[in-house]
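This briefing is for a reader who is meeting the structure for the first time.

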Number of protein chains: 2
Amino acid sequence: MKLYTHEQAPNPRRVHIFLREKQIKVETVQVDFMKGELKGEEFTKKNPAQRIPVLELDGGTCISETVAICRYFEEMYPLRPLFGLTAVERATVEMWNRRTELNFLMPVFHVFRHGHPAMAELEKPQIEEWSKANRPKAIEGLAMINDQLEKKQFVAGDRFSIADISAYVGVKFCRPAKVDIPEGLDGLQRWLKVMEERPSIAAKATSPA
Amino acid sequence: MKLYTHEQAPNPRRVHIFLREKQIKVETVQVDFMKGELKGEEFTKKNPAQRIPVLELDGGTCISETVAICRYFEEMYPLRPLFGLTAVERATVEMWNRRTELNFLMPVFHVFRHGHPAMAELEKPQIEEWSKANRPKAIEGLAMINDQLEKKQFVAGDRFSIADISAYVGVKFCRPAKVDIPEGLDGLQRWLKVMEERPSIAAKATSPA
């Protein structure tokens, strides 16, 4: 089994944190997405969408999409569950992970991809107005997460889950995207300190899986 | 248990098809999203993102996000599985459902929401250039789904799944979004005929759940 990845990029990073949380080790292949390696014929066979991360299983089956890869590991290694346990919990984790993705992570990505000069080659057409429109959406998403974190310990409730990983990676990506995190988000700041202390996150980006 | 919905809208429609596939009956409350009912204080408590569908459980817990609602029903009623059975199958369904959402359904929605005059009040700012940029993305997504359907019976492989529901609703939404489906997508057309014959889809939109 091999994980095609580049941990500095936010989506692969979600998988790496997930794997460290579950204490799973996986062989990795570093892919330099800035050098056009994703557009090559061989990689396109693995993922027609030409994106990392991709998990290649021993039989050659390839799983792409960050959450699909995480779900594969959750199913194979149910210990330390990160998608919830009961039906309500699983639905709640799915809801909060999707809320985080749709209302926060994606706006931050759009601010970056449509606003940063280095992305002009990858994001065509690059639409500055769309980058600008997403900045307040990202802040609104952050406020929604903060509201939850003023009431609950973690993004999806009382238990650490994949929704915390998505939210954390989004918060860290605010800096390259130049989205300023407003002051006064006390729930978010409290949670951020707890997150930074988790070994899965405190680990260096270069350590295996 | 109550489902807040409006079946004519594409996301609620995914839940209704899902429920009919699994032969689950649920009490529904029709919400007129064009009349601003989603912005009311009471509804905002149920879903801060002010969107339908929302599933309210008997204890008052509210689950929003289409796929989270479907997952709740899958967990509660595992018969006629629509999220896959084995670990690889579950990851593959997740992958194809997300591919369909990200590369096809969302571009179609963006074409519509940023291009249709009736959406000007709901989508602020409405950016026509972003609508236009998403039209070719939607067609690319459709081509990706067609490639898969030239090789496989269903979107996620050999078994009908939630990914088929997402793709089908997207294809039907191409008309209001004015995204013309290119000729020559034979796999897609073959599958579309099979889909239209399924009782869950052939059923009138007005029939219960």
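A salt bridge here is a side-chain nitrogen of Lys or Arg within 4 Å of a carboxyl oxygen of Asp or Glu. By that rule, eight salt bridges are counted between chain B and chain A. The model is a predicted one. Over all chains, the count of salt bridges comes to 32.

**The interface between the chains**

- On chain B, 41 residues are in contact with 41 residues of chain A.
- About 3,400 Å² is buried between chain B and chain A, and carbon and sulfur atoms give 63% of that area.
- Of the area that chain B buries against chain A, 17% is supplied by Glu65(B), Arg98(B) and Trp130(B), more than any other three residues supply.
- The rule for polar contacts finds 14 residue pairs across the interface of chain B and chain A, with both residues at pLDDT 80 or more.
- Four elements of chain B give two or more residues to the side that touches chain A: β4 (62-64), α3 (66-76), α4 (87-115) and α5 (128-151).
- Among these elements, α4(B) gives the most, with 16 residues.
- Sorted by class, the side of chain B that touches chain A has 19 nonpolar, eight polar and 14 charged residues.

**Salt bridges between the chains**

- Arg98(B) and Glu101(A) meet through their side chains in a salt bridge, at 2.9 Å from N to O.
- This pair joins two chains, because Arg98(B) lies in helix α4 of chain B and Glu101(A) in helix α4 of chain A.
- Arg98(B) and Glu101(A) are both buried.
- Another salt bridge is formed by the side chains of Glu75(A) and Arg90(B), at 3.4 Å from N to O.
- A network of salt bridges links Arg14(A), Arg71(A), Glu94(A), Arg98(A), Glu101(A), Arg14(B), Arg71(B), Glu94(B), Arg98(B) and Glu101(B).

**Salt bridges within chain B**

- Glu21(B) forms a salt bridge with Arg198(B), and their closest N and O atoms are 2.7 Å apart.
- That pair links distant parts of the chain, 177 residues apart: Glu21(B) is in helix α1 (residues 10-21) of chain B, and Arg198(B) is in the loop between α7 (186-197) and α8 (199-202) of chain B.
- Glu21(B) counts as buried because its relative accessibility is 12%, and the cut-off for buried is under 20%.
- The side chains of Glu128(B) and Lys132(B) also meet in a salt bridge, at 3.8 Å from N to O.
- Glu128(B) and Lys132(B) are separated by about one helical turn, because they are four residues apart in helix α5 of chain B.
- Glu128(B) counts as exposed at 51% relative accessibility, and Lys132(B) is exposed with a relative accessible area of 56%.

**Cysteines**

- The count of disulfides over all chains is zero.
- Cys62(A) is in no disulfide, and the nearest cysteine sulfur, that of Cys70(A), is 16 Å away.
- Cys62(A) counts as buried at 16% relative accessibility.
- Cys62(B) is in no disulfide either, with the nearest cysteine sulfur, that of Cys70(B), 16 Å away.
- Cys62(B) counts as buried at 14% relative accessibility.

**Backbone features**

- Most residues other than glycine have a negative phi, and most peptide bonds are trans.
- Arg80(A) is not a glycine, yet it has a positive phi of about 50°.
- Arg80(A) is found in the loop between α3 (66-76) and α4 of chain A, and it counts as partly exposed at 37% relative accessibility.
- Arg80(B) likewise has a positive phi, near 50°.
- Arg80(B) is placed in the loop between α3 and α4 of chain B, and it is partly exposed with a relative accessible area of 37%.
- Lys124(A) and Pro125(A) are joined by a cis peptide bond with omega about -5°, and Pro125(A) lies in the loop between α4 and α5 (128-151) of chain A.
- Lys124(B) and Pro125(B) are joined by a cis peptide bond, also with omega about -5°, and Pro125(B) lies in the loop between α4 and α5 of chain B.

**A proline in a helix**

- Pro107(A) lies in helix α4 (residues 87-113) of chain A, and it is buried, with a relative accessible area of 4%.
- Leaving aside neighbours within four places in sequence, Pro107(A) is in contact with Glu101(A), Leu102(A), Asn134(A), Lys137(A) and Ala138(A).
- The C-alpha atoms of Pro107(A) and Gly141(A) are separated by 8.4 Å, and the two residues are 34 residues apart along the chain.

Conventions
Residues are numbered from 1 along each chain as its sequence is written. Chains are lettered from A and ligands numbered from 1 in the order in which they are written. This is a predicted model: local features need pLDDT of at least 70, side-chain atom pairs count only at pLDDT 80 or more; totals for chains, interfaces and linings use all residues. Side-chain values use heavy atoms; hydrogens and water are left out. Contact means heavy atoms within 4.5 Å. Buried area is the accessible area (1.4 Å probe) that two parts lose on being put together, summed over both. A polar contact is a pair of N or O atoms within 3.5 Å; within protein, one must be able to donate a hydrogen and the other to accept it, and residues adjacent in sequence count only if both atoms are side-chain atoms. Ala, Val, Leu, Ile, Met, Phe, Trp, Tyr, Cys and Pro count as nonpolar, Asp, Glu, Lys and Arg as charged, and the others, Gly among them, as polar. A disulfide is a pair of cysteine sulfur atoms within 2.5 Å. Buried means under 20% relative accessible area, exposed over 50%, partly exposed in between (1.4 Å probe, protein chains only).
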